[in-house]
Structure formats: structure tokens, C-alpha cells
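Subject: Structure for you to look at

Hello,

Here is the structure I promised. Please open it first, then read my notes below.

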Amino acid sequence: MSSSFHATTIFAIHHNGKCAMAGDGQVTFGNAVIMKHSARKVRRLYNGKVVAGFAGSVADAFTLFEKFEGRLEEYNGNLQRAAVELAKEWRSDKVLRQLEAMLIVMNEDSLLLISGTGEVIEPDDGILAIGSGGNYALSAGRALKRYAGDHLTAKEIAKSALEIAGEICVYTNNNIIVEEL
């Protein structure tokens with residue numbers, strides 16, 4: 001059994017002028033043991049103007065949160081610039097390169113995925129998901145956005161997408177935290 005703690009599914013959406021990010025609360029030790037049901041993987045940063053969520057190793061994600069928040073401060077809240085600078089540092093630093101996590105970050109205008117391979121990706125459709133249940137949440141969220149139209153808010157879509165992922169993915173639970181901007 002692996003001796004690392006992992007945290008899983010994050011879903012984020014921009015929809016009808018609003019944005020929301022949802023994360024489940026499960027932390028898994030290795031592949032067989034649920035260690036925590038109520039972890040908070042989605043957090044507000046930069047005076048509440050930015051929301052960030054992580055999937056992957058918990059300790060690694062906290063390191064990345066701190067680094068990203070430092071970059072936000074350094075670049076006066078410029079989300080794109082902070083994301084690019086974090087990705088560059090993450091990819092080139094010998095120690096940071098070993099971190100096993102991914103981040104989704106967003107503000108009212110942008111939604112970005114940041115990875116340790118230097119990727120900073122902005123989705124075409126305003127939806128991102130990461131983690132073991134990410135593909136399930138992404139599929140559910142796209143369907144909800146496409147077919148619910150104006151009947152659901154960004155927050156409702158984010159929560160529902162994670163609930164659906166939690167019904168399918170054993171590494172995703174239904175203890176969901178949603179942050180909305």
C-alpha cells in the first residue's frame with residue numbers, strides 16, 4: 001500500500017456571469033483507506049477574490065497554495081500572471097518538480113488549470129475538473145450546463161456535478177464544499 005495521502009475531485013465552472021468551484025471532502029491513504037471525510041480542498045485566496053482547489057497529495061497541494069498565493073500578492077491579484085509564474089517555477093525547480101498535485105484557480109474573469117509540467121490551461125467551455133472523479137464530474141457538469149441552460153446557477157451545477165461523480169468514483173464522497181464568486 002502506498003504511504004501517501006491523496007485528495008481527489010475538484011470541479012469549477014463559469015456560467016451566466018457567475019463562477020463556482022466545488023470539492024469533495026475525502027482524503028484517502030494509499031488505495032484502500034479513507035482517512036478523512038471532511039477535508040477542505042477548495043479555498044478562497046487573495047482577499048476572497050480568487051478561489052483555488054487541489055487534487056493530489058495533500059502536503060504538496062498546501063505547498064502549491066502557499067506558492068500561488070505568494071505569486072498573487074506579488075502580481076497584485078493578476079490571476080494569469082501568477083499562474084504562469086507558478087507553473088514556470090513548479091516545472092523548473094528541482095524540489096517543486098517532485099510535487100504530485102494539480103490546481104484549478106479562478107476569479108470572476110478567468111478559470112485556469114495549473115500543472116507541474118508547466119501547463120496553464122484555460123478551458124474553451126468554462127468548465128474544468130481534476131482528480132480521480134474529475135472525468136465523471138466534467139461529463140456531468142457539461143451535460144448540466146448544456147441542457148439546463150439558465151435554469152441552474154453555477155453553484156448548483158458545481159454541486160450537482162460533484163454529487164454525480166461521488167455516486168460513481170470510490171475516491172469521491174458527497175461531503176461537498178462549494179465556493180462561489
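Start with Val178. Setting aside neighbours within four places in sequence, Val178 is in contact with Ala20, Met21, Ala22, Lys155 and Lys159. Contact means heavy atoms within 4.5 Å. Val178 sits in strand β12 (residues 177–180). Strands (E, at least two residues) and helices (H or I, at least four) are DSSP runs, numbered from the N terminus.

Some ground rules. This is a predicted model: local features need pLDDT of at least 70, side-chain atom pairs count only at pLDDT 80 or more, and totals for chains, interfaces and linings use all residues. Residues are numbered from 1 along each chain as its sequence is written, and side-chain values use heavy atoms, leaving out hydrogens and water.

Next, the aromatic rings. Rings of Phe, Tyr and Trp (its six-membered ring) pair if their centres lie within 6.5 Å; planes under 30 degrees apart count as stacked, over 60 as edge-to-face and the rest as tilted. The count comes to two aromatic pairs. One of them is Phe54 with Phe65, edge-to-face, at 5.5 Å centre to centre and 80 degrees between the planes. Phe54 lies in strand β7 (residues 50–57) and Phe65 in helix α1 (residues 58–74), so the pair ties together parts eleven residues apart in sequence. Phe54 is buried, at 2% relative accessibility. Phe65 is buried too, at 5%. Buried means under 20% relative accessible area, exposed over 50%, partly exposed in between (1.4 Å probe, protein chains only). Phe54, Phe62 and Phe65 form one aromatic cluster.

Now the inside. A nonpolar core is a set of buried Ala, Val, Leu, Ile, Met, Phe, Trp, Tyr and Cys residues joined through side-chain atoms within 4.5 Å. Which residues of the largest nonpolar core touch the most other members? They are Phe68, Leu72, Leu103, Val105 and Ile114, out of 24 residues. β7, α1, α2 (79–92), β8 (101–106) and β9 (111–114) each supply at least two residues of this core. Apart from it lies another core of 18 residues, including Phe11, Ala22, Ala129 and Ala137. Not counting residues up to four places away in sequence, Leu103 touches Gly53, Phe54 and Phe65, among others.

Last, the helices. Residues of α1, including Leu64, Phe68 and Leu72, meet residues of α2, among them Leu79, Leu86 and Trp90.

Best wishes
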